[in-house]
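Work through the exercises below with the sequence and the model open. Try each task before reading its solution.

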Amino acid sequence: MKIKRTLFQLKILLAGILLFQIQIGLAQEDKTSGLYKTIMSKDSLLFNVGFNTCDVKQFENLYTEDFEFYHDKDSISDKARFLKTFKNGICSPTRKYNYRRELIDGSTEVYPLFKNGILYGAIQMGTHRFYEYTAGKPEQAGSFAKFTHLWLLKNKEWKLARSLSYNHQMTSSTAGKTNLFDNEQETEKWLKENNIPALGIGVITEGKLKQIKVFGELKKDISAPYNTIWNVASLTKPITAIVTLKLVSSGKWDLDEPLYKYWTDPDIAKDPNTKLLTTRIILSHRTGFPNWRFMNESGKLDFKFKPGTKYQYSGEGLEYLRKALEKKFHKTLDQLADELLFQPLKMTDTQLVWNDKVDLSRYAIGYDNKGNAYEPTQNKTANAADDLLTTIEDYGKFLCSVMNSEGLSKKVFDDMTSHQVETKKNKYFGLGFEIYDLGNNDYALSHGGADKGVQTIFILLPKTKQGLIIFTNVDDGYKVYEKIVNHYLGENGQKIIDIETK
């Protein structure tokens, strides 16, 4: 049989059928309805028996003769081709792995199809996950995928006529029973319950920013737009790091050259430790500086230990690097960032200084956990460690460029993602980024930000080209991280949470 329709055309056709049914007032079937239970029983025969046990007869019996299968990774199949591929592939006697399909609870929707008031079919939509295993080894989780099935009632028997399998990825935005982050009304309710004024989420898949979701209000009765401008606190540091590493990649800067050649802070001019400071030591937070000098009783910068010997997070270190860069290149950090990042990536809503370009109508004011607003921090000069203004879209562009190693040499990227110093079990600092060891040679890059009225974080999974951005504008916004990370990053997200909480 020659199949003329494309996957896109069929999705349009099914979407049109579904839209038509909804427009004339037919909602999805309740889970207690006879139709819903019938379709779910057919689904169980198809997968729990047919797929999971390699019972080919289930497919032969449940498919119409003109069955068509559309797969986003493996083209189009008719019934004969599908059965042949199933027998010789997944269910081949010489196969290395066994496979299991699991339907995600709460993801299934069933819509009836009528003609002249008579039921003739149903559309089933849902999300499922696939697992693989070999004898004597633990089962390994595979990809999630969405599916759409067209079931037809033929001679009083339900047959599967069309099957679409698409959006295969290692995480699922619909994994689990919750509709949070997909249902705006439910998400807004959840935010209010947790006293979160506004929430921004960016989802990266296949190395590209695929979703931007912004919920909540900037202030009473003013919804936060998708291009809300956020102060992201210490998410400024990765910007400074990448500006520097791009200069290293182009041969204009050296990771291991002593910085006293360009800059020496007057507070530590007479301390011999000053000559030990390098860019590598600063980007891996091993300077020996406190986080900020004002934390010292004297208010002056000093060393708490010999540079390079251990870890201590320090904003002062990034500021020290900024001054060295500015001295050598005779440009401010915001000028360097504009040339190397913001302009090339078209990050038009991102800046390191507060000026009249800031669109106040889109700015997310920070709040304490009692709902009191903070005055915005209005830096007139760039701070290398804090107070970047940006949007989910702009910062997502930046993170995608990092993940794809744009403008970084292989050696520099390898240095950036190597374990420069251990900060806790399975967690390290590389160059400008925290690194989580996820096992099986997998890892995540991350960084968080926290100030008055600011809680932000991102997580990147370079090997699977996935990522997640979370921006909030309240003191305790971190309390919603776990649910969001689990929702979008699944098992890898849970591994990161376990590392943080153990």
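The exercises cover helix packing, strand pairing and a disulfide.

This is a predicted model, in which local features need pLDDT of at least 70 and side-chain atom pairs count only at pLDDT 80 or more, while totals for chains, interfaces and linings use all residues. Residues are numbered from 1 along each chain as its sequence is written, and side-chain values use heavy atoms, with hydrogens and water left out.

**Exercise 1. Describe how α6 packs on α10.**

Solution.

Step 1, the elements. Helices (H or I, at least four residues) and strands (E, at least two) are DSSP runs, numbered from the N terminus. Helix α6 covers residues 236–249 and helix α10 covers residues 392–403.

Step 2, the geometry. The axes of α6 and α10 lie 12 Å apart, at an angle of about 45°. Axes are lines fitted to C-alpha atoms, for helices over the stretch in contact, and angles run from 0 to 180 degrees between N-to-C directions. The angle makes α6 oblique to α10. On this scale, angles under 35 degrees count as roughly parallel, over 145 as roughly antiparallel, 65 to 115 as roughly perpendicular and the rest as oblique.

Step 3, the hand. The crossing of α6 and α10 is left-handed; this term applies if the near helix is turned anticlockwise from the far one by less than a right angle, and right-handed applies if clockwise.

Step 4, the residues. From α6 come P238, I239 and I242, which meet Y395, F398 and V402 of α10. Contact means heavy atoms within 4.5 Å. The residues of this contact of α6 with α10 are six nonpolar, no polar and no charged. Ala, Val, Leu, Ile, Met, Phe, Trp, Tyr, Cys and Pro count as nonpolar, Asp, Glu, Lys and Arg as charged, and the others, Gly among them, as polar.

**Exercise 2. Give the angle and the contact residues for α6 with α9, then for α6 with α8.**

Solution.

Step 1, α9. Helix α9 (residues 333–342) and α6 have axes that come within 10 Å and cross at roughly 70°. The two helices α6 and α9 are therefore roughly perpendicular to each other. In α6, I239, T240, I242, V243, K246 and L247 meet L333, L336, A337, L340, L341 and F342 of α9. The contact of α6 with α9 has ten nonpolar, one polar and one charged residues.

Step 2, α8. Helix α8 (residues 315–329) packs with α6 at about 40°, their axes 11 Å apart. α6 and α8 are therefore oblique to each other, and their crossing is left-handed. K237, T240, T244 and L247 of α6 make this contact with G315, L318, L321, L325 and F329 of α8. The classes in the contact of α6 with α8 are five nonpolar, three polar and one charged.

**Exercise 3. Which strands stand at the edges of the open sheet of nine strands, and how do they pair?**

Solution.

Step 1, the order. The strands run β10-β9-β8-β18-β17-β16-β15-β14-β13, with antiparallel pairing. Two strands pair if DSSP finds at least two bridges between them.

Step 2, the edges. β10 (222–223) and β13 (421–424) each have a single partner strand, so one side of each is left without a neighbour in the sheet.

Step 3, the β10 end. Strand β9 (residues 208–219) pairs with β10 in the antiparallel sense over two bridges, and K219 has I222 in β10 as its bridge partner. Helix α5 (residues 184–193) lies across β8 (198–205) and β9, at about 55° to β9.

Step 4, the β13 end. β13 pairs in the antiparallel sense with strand β14 (residues 427–429) over three bridges, including V421 with F429 in β14. The hairpin of β13 and β14 has two residues between the strands, and N426 in the turn has a positive phi of about 65°.

**Exercise 4. Where are the partners of β5?**

Solution.

Step 1, β4. Strand β4 (residues 109–115) pairs antiparallel with strand β5 (residues 118–133) over seven bridges. L113 stands opposite G121 in β5, and V110 has Q124 in β5 as its bridge partner. Their hairpin has two residues between the strands, with N116 at a positive phi near 55°.

Step 2, β3. β3 and β5 pair antiparallel over six bridges, and the partner of R101 in β5 is F130.

**Exercise 5. How many disulfides are there, and which residues form a disulfide?**

Solution.

Step 1, the count. A disulfide is a pair of cysteine sulfur atoms within 2.5 Å. The count comes to one disulfide.

Step 2, the pair. C54 and C91 form a disulfide with sulfur atoms 2.0 Å apart. The link of C54 and C91 is left-handed, with -90° about the S-S bond.

Step 3, the placement. The pair links distant parts of the chain, 37 residues apart: C54 is in the loop between α2 (34–53) and α3 (56–62), and C91 is in the loop between α4 (79–88) and β3 (98–103).
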